[in-house]
Amino acid sequence: MKVILLKMLFRLLTKGCIRLKKMVKIRLSSISVRQLVFIFAFLFSFFVIAENNHAQDVIPGNFYSKNNSSFYALGVDKKSRLLYLLKVEDDIPKIEKTFNDILVGEANGDKEIEGDKKTPEGIYYITSFIPGEKLPEVYGLGAFPLNYPNFYDKLLGKTGYGIWIHGKNQKDPGDNTTEGCVALENSGIKQLTSLNMINTPVVISKKLKFLGRDRYFSQRAFWMSFLNDFINAWQKNDADKFQSYLHTDFKNEQNQDYYQYIMEKKRLMELYPYRRINIDNIKVFVENDSEVVFDFNQLYCADNIISEGRKKIYLAKEFGDYKIVAEKFFPRGSLTMTEKLTEKFINDWKVAWESEDISRYSNFYGRSFRASGMDYNEWMKDKEEKFVRYEDIDIEVSDINLVDVGPKEITVQFKQRFRGDNYSDYGVKTLILSGCPGDFSIVSENWRAL
């Protein structure tokens, strides 16, 4: 097939070059038709390669990520009737598959009320999968329900339900619209079901964005800076700057409005001025100019509380600038981030101990430290003498376990093997860490042999 196409292209180029020689009024006798064909073929190949390189440099501009393992996302372009399956790897979204000729709502525009036959525009998540045998034939091989209306939609007063991504009606291929869902060929549904799509983010937009690499990374830096600056203002008790990030139509899950939320935050800043806020696994989804969602893990620690969970922050424009218009926190029982930060502290402390640098080692201890009848100064003097005594120190740490976790204090146990020149021991070390994760200091230390 490729050989036939190439022969056809060669014949077309030959005819075109013969006509060109007849049309051009300057002398081309020194250039043969075959030479002209090869010149045009070379130029054609050059532009094809340039176009392919350009396509590879274009990145979907509605998806941003930082410190995430790979994950899938879907992008729906209502105007072009395209659905993109994206895989985000190394924090860069790449198109894995493009599904053509999708169906969207019969009516144009963003969904607002039940029965308006519009496909919503915004950021949603797949909640489950319903196989086709449990559904009417109109849904094809199955359906992925979306969480429409989402938290922000409800604040805007949007109504309706049952917005799904589903297959096409196999017995009525003439359907070219839906009542608000997104429909694609059943082969596409089959491909999506082979992946773990539960909780997959879905950006539905009138027109998705595709950006050059420089523009994409510039936008990524903007969004990450926005979130970090907001978190820093909160952590540092900068009430005025914190307030400047909020939309005047702000609402949270406790139904606090802008003024109630600000007053509550100011009260907590005054009552508990010390806090540490760690964020990780940041995802940003942009529905062009109307809606932005930050989706990230948050560890909040203060004098009165320590909590972990997933947070979603919704942004909308106010007077031309993006402002936080809604937030929702999803607490979880596990302390994954606390464990991760504690393990990092223990490993950094171990490396400082092995370095035999008393200045570096002492930075891991609080001034209120006491152990084995020694205070902070006595402990450091004892360690400094041991650092002189041992030429090499090697520490092995394993089975790190959080025994007790409370606001500003964590008790951690682990197995420790010490080797110093010709001496070695093995036992269980217990440390009491004061402060919040990411801001620890050791205030007590105990060891027992095994």
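Begin by selecting Glu356, the residue that follows helix H8; its phi is positive, near 60 degrees. The model on the screen is predicted, so local features are described at a pLDDT of at least 70 and side-chain atom pairs count at pLDDT 80 or more, while totals for chains, interfaces and linings use all residues. Residues are numbered from 1 along each chain as its sequence is written, and side-chain values use heavy atoms, with hydrogens and water left out.

**Stop 1: helix H8**

Select residues 336-355, which make up helix H8. Helices (H or I, at least four residues) and strands (E, at least two) are DSSP runs, numbered from the N terminus. How far apart are the end C-alpha atoms of H8? They are 29 Å apart, which agrees with the 28 Å that the 20 residues should span at 1.5 Å a residue. The expected span is 1.5 Å times one less than the number of residues.

Now colour the buried residues of H8, among them Phe345, Ile346, Trp349 and Trp353. Buried means under 20% relative accessible area, exposed over 50%, and partly exposed in between, with a 1.4 Å probe and protein chains only. An α-helix has 3.6 residues a turn, so residues three or four places apart point the same way.

Asp348 also lies in H8. Is Asp348 buried, partly exposed or exposed? Its relative accessibility is 33%, so it counts as partly exposed. Select Phe364 as well: its C-alpha atom is separated from that of Asp348 by 8.9 Å, and the two residues are 16 apart along the chain.

**Stop 2: the nonpolar cores**

Next, select Trp223, Phe242, Val284, Phe294, Leu315 and Ile324, the residues with the most contacts inside the largest nonpolar core, which has 35 residues. A nonpolar core is a set of buried Ala, Val, Leu, Ile, Met, Phe, Trp, Tyr and Cys residues joined through side-chain atoms within 4.5 Å. Elements giving two or more residues to this core include helix H5 (213-235), helix H7 (258-271), strand E14 (275-287) and strand E17 (321-331). Which element supplies the largest share? The answer is H5, with nine residues.

Centre the view on Ile324. Not counting residues up to four places away in sequence, Ile324 touches Phe226, Phe230 and Tyr245, among others. Contact means heavy atoms within 4.5 Å.

Then move to Lys323, which is in strand E17. Under the same exclusion of residues up to four places away in sequence, Lys323 touches a set of residues that includes Ser244, Ala316 and Glu318. From Lys323 to Phe226 the C-alpha to C-alpha distance is 9.9 Å, and the two residues are 97 apart in sequence.

A second, separate core of 27 residues can be found by selecting Tyr365, Phe369, Val412 and Phe414, which it includes.

**Stop 3**

Cys301 counts as buried at 1% relative accessibility, and Cys436 is buried with a relative accessible area of 0%. Cys181 also counts as buried, at 9% relative accessibility.

**Stop 4: paired strands**

Select strand E4 (residues 82-89) and strand E5 (residues 92-99), which pair in the antiparallel sense over seven bridges. Two strands pair if DSSP finds at least two bridges between them. Lys87 stands opposite Lys94 in E5. E4 and E5 form a hairpin with two residues between them, and Asp90 in the turn has a positive phi of about 55 degrees.

Continue to the open sheet of four strands, ordered E7-E8-E9-E10, whose pairing is mixed. Strand E7 (130-131) and strand E10 (182-184) are the edge strands, each pairing on one side only. Strand E9 (residues 164-167) and E10 pair in the parallel sense over three bridges; the bridge partner of Ile165 in E10 is Val182.

**Final view: the whole protein**

Select everything. The protein has 10 helices and 23 strands, and 45% of its 450 residues count as buried.
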